[in-house]
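Look at the sequence and the model first, then read the points below.

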Amino acid sequence: MVQRTLAIVKPDAVAAGNTGNIIGLIEKNGFRILAMRMQHLKRAEAEGFYAVHKGKGFFEELIEFMTEGPVVLLALEREDAVAKWREVMGATDPAKAAEGTIRKLYGTNIGRNASHGSDSVENAATEVAWFFRGSELS
Ligand code: ATP
Ligand code: MG
């Protein structure tokens, strides 16, 4: 089924100059970019986006990280986009990510792991709508 998913190039990857490499992998893997924007997230935006993790031990570290510099937000479309994007990203912990995946190539550790991807079709719809208006999705 054709699905949408939200991808984020996280602040570590933007700062390291890996935005272009990651967008290249997005295109190479057959995703259509529906919308794309660079943005320096405010604390409230990051906290709202990651509200599901509130109360976890790493929440504060996650918010500090996601607000330390600009990110690149992308709404993507493809057959099985949610699972496929998570496959291209690799495991949350770069040390456990498969060769050739974004987190293996560009991640540093479980916190600073270069990219985000929605984890379900339902959450993907919520996350795309969190950052993009319907009229911005081409
Ligand atoms: P994301 O939601 O960013 O795509 P994910 O779905 O693979 O990643 P989640 O469990 O949703 O992983 O965690 C969200 C993010 O929180 C991780 O990508 C990582 O940046 C951070 N994180 C998760 N677990 C830890 C941890 N144990 N220590 C530090 N940061 C963590
Ligand atoms: Mg997640």
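Buried residues make up 46% of the 138 residues in the chain, where buried means under 20% relative accessible area, exposed means over 50%, and partly exposed is in between (1.4 Å probe, protein chains only). This is a predicted model, in which local features need pLDDT of at least 70, side-chain atom pairs count only at pLDDT 80 or more, and totals for chains, interfaces and linings use all residues. Residues are numbered from 1 along each chain as its sequence is written, and side-chain values use heavy atoms, with hydrogens and water left out.

**Fold**
- The chain has seven helices and four strands; helices (H or I, at least four residues) and strands (E, at least two) are DSSP runs, numbered from the N terminus.
- Their order along the sequence is β-α-α-β-α-α-β-α-α-β-α.
- The radius of gyration, 14 Å, is close to the 14 Å that the globule rule gives for 138 residues, so the chain is as compact as a globular protein of that length. The radius is taken over C-alpha atoms, and the rule is 2.2 Å times the number of residues to the power 0.38.
- The C-alpha trace spans about 35 × 35 × 25 Å along its principal axes.

**Salt bridges**
- Side chains of opposite charge can pair when their charged atoms come close.
- The structure holds nine salt bridges, each being a side-chain nitrogen of Lys or Arg within 4 Å of a carboxyl oxygen of Asp or Glu.
- One of them joins Glu77 and Arg4, with the closest N and O atoms 3.2 Å apart. This pair links distant parts of the chain, strand E3 (residues 71–79) for Glu77 and strand E1 (residues 2–9) for Arg4, 73 residues apart.
- Glu77 is buried at 18% relative accessible area, while Arg4 is partly exposed at 37%.
- Glu64 pairs with Arg43, with 3.0 Å between the closest N and O atoms. Glu64 lies in helix H4 (residues 59–66) and Arg43 in helix H3 (residues 43–49), so the bridge ties together parts 21 residues apart in sequence.
- Arg43, Glu47, Glu60 and Glu64 are linked in a network of salt bridges.
- Glu68 and Arg112 also meet in a salt bridge, at 2.7 Å from N to O. Glu68 sits in the loop between H4 and E3, and Arg112 in the loop between helix H6 (102–106) and strand E4 (115–117), 44 residues apart.
- Glu68 is partly exposed at 41%, and Arg112 is partly exposed at 30%.

Notes: Chains are lettered from A and ligands numbered from 1 in the order in which they are written.
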